[in-house]
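Please work through the following exercises with the sequence and the model open beside you, and try each task before reading its solution.

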Amino acid sequence: MGFTAQLLDDVRAQLAPDQASLDEARARREAVRGAALSFNGGRRTFASGSLAHGTANCPIHLRDKGLDADCGVVLDRRVYPWLGPDSASDEGPNEIVEELRFHIQNEVGRSYPKVEVTTTKRAILLEFHEPLASGQDPTVDLVVGLDRVSAQGLWIPNTETNEWNASHPEGHTSLLTGEPKSLRVTRARAIRLAKAENKRVPEPLLCSFNIEALALMFVAPGAGVPQALVRLWRDGAVDLRARLTPDPAGVSAPIKCADRYAAADRFDTAASRLEAALAHDENETWVRQQLASLWPEFVAGDRSGVTKARALAALKSAAPLSVTTGGVLSASTGLELKNPRSFGTSR
C-alpha cells in the first residue's frame with residue numbers, strides 16, 4: 001500500500017465514530033422507531049441517513065458535537081385518508097406531526113426521562129441530554145411519511161409551509177447499501193473523506209447528501225479509495241457545472257446548492273491535490289504536503305501520527321501524550337495515535 005492510501009486510511013480512522021457511540025445512536029434510533037410504530041396508524045418504520053448508509057463521520061476531536069441517527073415512520077393511508085396531496089382533502093402535515101411528537105415524547109420519555117422532543121422543518125428531533133463518557137449525546141431525527149399513491153417514494157412534511165413534498169429516503173438507503181459489497185464499502189469510504197474535506201470550511205458548499213448522490217453516479221467497481229475519490233471529485237465537478245445534482249431515486253427535485261460553480265472548482269482543486277499525491281506515492285513527505293491541504297486537521301506533518309485532531313482530543317480529555325515501547329504515540333485515556341504504516345481499515 002502506498003503512502004496516499006495509508007494516510008487516507010488514517011484520516012478515516014480519525015473521522016470514524018467510536019463503537020460505543022454508534023451502538024448508543026442505533027439503540028436510541030430503534031427506541032424511537034418502536035415508539036413511532038406504536039402510534040395509531042403506524043404502518044412501518046425505516047432507518048435512513050448517514051448512519052444507515054455507512055457514511056457517518058464523528059471526528060476524534062469533536063466527539064462532543066454528537067452523532068445523529070435518522071429514521072422515519074410511514075402512516076397507513078386507510079387510517080388517515082384525508083392527509084396529503086393524494087387525498088381529496090389534501091390536508092397538510094403539521095397537525096399529525098404534532099400529534100406524533102406528543103406521542104413520541106411520552107413513549108420515549110419512559111426510557112429516556114431527559115429527552116426533549118421538538119419539530120424541525122422536515123422531522124421530529126429528539127435530544128436525549130444523556131451524554132456518554134466520551135461526551136457524545138446522539139440525537140435522532142424522525143420523518144413522518146405517507147406512501148404516494150401513483151408514484152414511488154413518500155410524501156414527507158415541510159412544517160414551515162404545512163405542505164407535503166415528495167422524497168424517497170428508503171430508496172436512497174437501498175441504493176447506498178446495495179451489492180456488491182466491495183463497491184459499497186469503497187464508495188462509503190470515499191464519501192466520508194469527501195464529506196470531511198467539504199466541511200473544513202465554516203459554510204460548506206454542498207450538503208452531505210449531494211456528495212452521496214455524486215458518489216452513486218461516479219464511483220465505479222474495481223477502484224481503490226484514492227481513485228474512487230478522484231473520480232467523485234473530477235466527474236462530480238463536470239456534472240455540477242452542467243446542472244444541479246438530480247435525486248438518485250428520481251423522486252425529489254434536484255439537490256439545492258448555494259453555488260455549484262464554486263463547488264465544482266473546489267472539487268477540481270481537491271482532485272488535483274490527490275492526483276499529485278498519487279503521482280509521487282513513494283515520497284512520504286510530498287504525499288503529506290498534498291493531503292494536508294485537503295484535511296489539515298487529520299494529516300500529521302511527520303510520521304509521529306500527531307495530527308491537530310488527535311492533539312485536541314488529548315487536550316479535551318486532559319490526557320498526556322506518550323510514546324509506547326512499540327513506538328506508537330498514545331494518550332493515557334487509550335487514545336491511540338498510530339504510525340501510518342499500521343493504519344486500520346475500519347469504515
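**Exercise 1.** Decide whether Thr173 is buried or exposed, and find which residues Thr173 is in contact with.

*Solution.* Thr173 has a relative accessibility of 11%, and because buried means under 20% relative accessible area and exposed over 50%, with partly exposed in between (1.4 Å probe, protein chains only), Thr173 counts as buried. Finally, with neighbours within four places in sequence left aside, Thr173 is in contact with Ala47, Ser48, Gly49, Ala52 and His53, contact meaning heavy atoms within 4.5 Å.

The model is predicted, so that local features need pLDDT of at least 70 and side-chain atom pairs count only at pLDDT 80 or more, while totals for chains, interfaces and linings use all residues. Residues are numbered from 1 along each chain as its sequence is written, and side-chain values use heavy atoms, with hydrogens and water left out.

**Exercise 2.** Determine where Val11 lies and which residues Val11 touches.

*Solution.* Val11 lies in helix H1, residues 3–15, and is buried, with a relative accessible area of 0%. Not counting residues up to four places away in sequence, Val11 touches Leu193, Trp295, Phe298 and Val299. As a further step, compare sequence with space: Val11 and Ala196 are 185 residues apart along the chain, and their C-alpha atoms are separated by 9.2 Å.

**Exercise 3.** Count the aromatic pairs, and describe the one formed by Phe39 and Tyr80.

*Solution.* Rings of Phe, Tyr and Trp (its six-membered ring) pair if their centres lie within 6.5 Å, and planes under 30 degrees apart count as stacked, over 60 as edge-to-face and the rest as tilted; by this rule there are four aromatic pairs. The ring centres of Phe39 and Tyr80 are 6.5 Å apart with their planes at 5°, so this pair is stacked. Phe39 lies in the loop between helix H2 (19–37) and strand S1 (42–48), and Tyr80 in the loop between strand S2 (68–75) and helix H4 (94–109), so the pair ties together parts that are 41 residues apart in sequence. Phe39 is buried at a relative accessible area of 9%, and Tyr80 counts as buried at 6% relative accessibility. By contrast of geometry, Tyr112 and Phe128 form an edge-to-face pair, 4.9 Å centre to centre with 75° between the planes, and both Tyr112 and Phe128 are buried.

Note on methods
Helix = DSSP H or I, 4+ residues; strand = E, 2+ residues; numbered from the N terminus.
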